[in-house]
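Biologist: Show me the model, please. I want to know what stands behind each label.

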Amino acid sequence: LCTTFGTLATGGFSPRNASIAAYASPYVHYIIILFMFIAGVNFSLHYWGLKGRFNPYFANPEFRFFTGVTLLTFVCIMAIRFLHGETLAEDLFRSSLFQTVSIITTTGFVTQDYEKWPLVTRLVLLALMFIGGCTSSTGGGIKNVRIQVLLRFIGTEVRKIFQHHGVFPVKIGERPVSENVVSNIIAFIVLYLLIASFGVLFMAGLGLDLDTALGAVAATLGNVGPGIGTVGAVENYSHIPIAGKWGLSVLMLIGRLEIF
């Protein structure tokens, strides 16, 4: 019951100190992977799914983007670990998929200490902490649709460099996004990153190393839980100075309220 609530709420708390690593069953891991992914998807789509209509999932641009980012990062993490000497086996597949889904949905469950993985995989996981889940999901982070709009906006600005008189509206799927909405989204992302930057400076000023400061801020502002550095997969926040605990508490509240 506790694990179910921790999964669908993307809360990530487990009744076991070792988190999901305490359960050796691959079956348990795969079931949690599935429901973490479900929790990271827009719940409006689940409404139609429960009514027997599954086309809205595949027609939704954010769902396709979220699925694509999840699969791409999972394959990259698994390939990097394999190239660094790990054996190509089911455990490599499962642990890579589990941590990818756990971090991008901001659930925070762990089955392995990813701090022992190659550095580039930890950087990929750090990026997923900022991206987060879909809109109207239980996940935190910036949200996939905002990242989509930002990338489309950058693409249109690049096209304007080569076609000065062209008109290139930002579109999500076939629907154009108004300039006001685009401006609002860009302002949100900039403000999110500014708050994160000030948070890292504050934590570093308390004596934390850069990895830990960055990981703690990304994990709390994105409501993930485990970060990188000394607040990584098998660590906790007990060693953070009292001022740091207050600062991270504020970041958790800001992240859950989505800033605006």
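Modeller: Contact means heavy atoms within 4.5 Å. This is a predicted model, where local features need pLDDT of at least 70, side-chain atom pairs count only at pLDDT 80 or more, and totals for chains, interfaces and linings use all residues. Residues are numbered from 1 along each chain as its sequence is written, and side-chain values use heavy atoms, with hydrogens and water left out.

Biologist: What does Thr212 contact, beyond its neighbours within four places in sequence?

Modeller: Thr212 is in contact with Ile228, Gly229, Thr230 and Val231. Thr212 itself lies in helix H10 (helices are DSSP runs of H or I, at least four residues, numbered from the N terminus).

Biologist: Why is Thr212 called buried?

Modeller: Buried means under 20% relative accessible area, exposed over 50%, partly exposed in between (1.4 Å probe, protein chains only). Thr212 has 0% relative accessibility, so Thr212 counts as buried.

Biologist: Why does Lys143 count as buried?

Modeller: Lys143 has 3% relative accessibility, so the label is buried. Lys143 lies in the loop between H7 and H8.

Biologist: What makes the phi of Lys143 worth a mention?

Modeller: Phi is near 95 degrees, a positive value, and Lys143 is not glycine. Most residues other than glycine have a negative phi.

Biologist: And why is Asn223 buried?

Modeller: Its relative accessible area is 18%, so Asn223 is buried. Asn223 sits in the loop between H10 and H11, with a positive phi near 60 degrees.

Biologist: Which residues have the most contacts inside the largest nonpolar core?

Modeller: Tyr114 and Met129, in a core of 48 residues. A nonpolar core is a set of buried Ala, Val, Leu, Ile, Met, Phe, Trp, Tyr and Cys residues joined through side-chain atoms within 4.5 Å.

Methods. Helix = DSSP H or I, 4+ residues; strand = E, 2+ residues; numbered from the N terminus.
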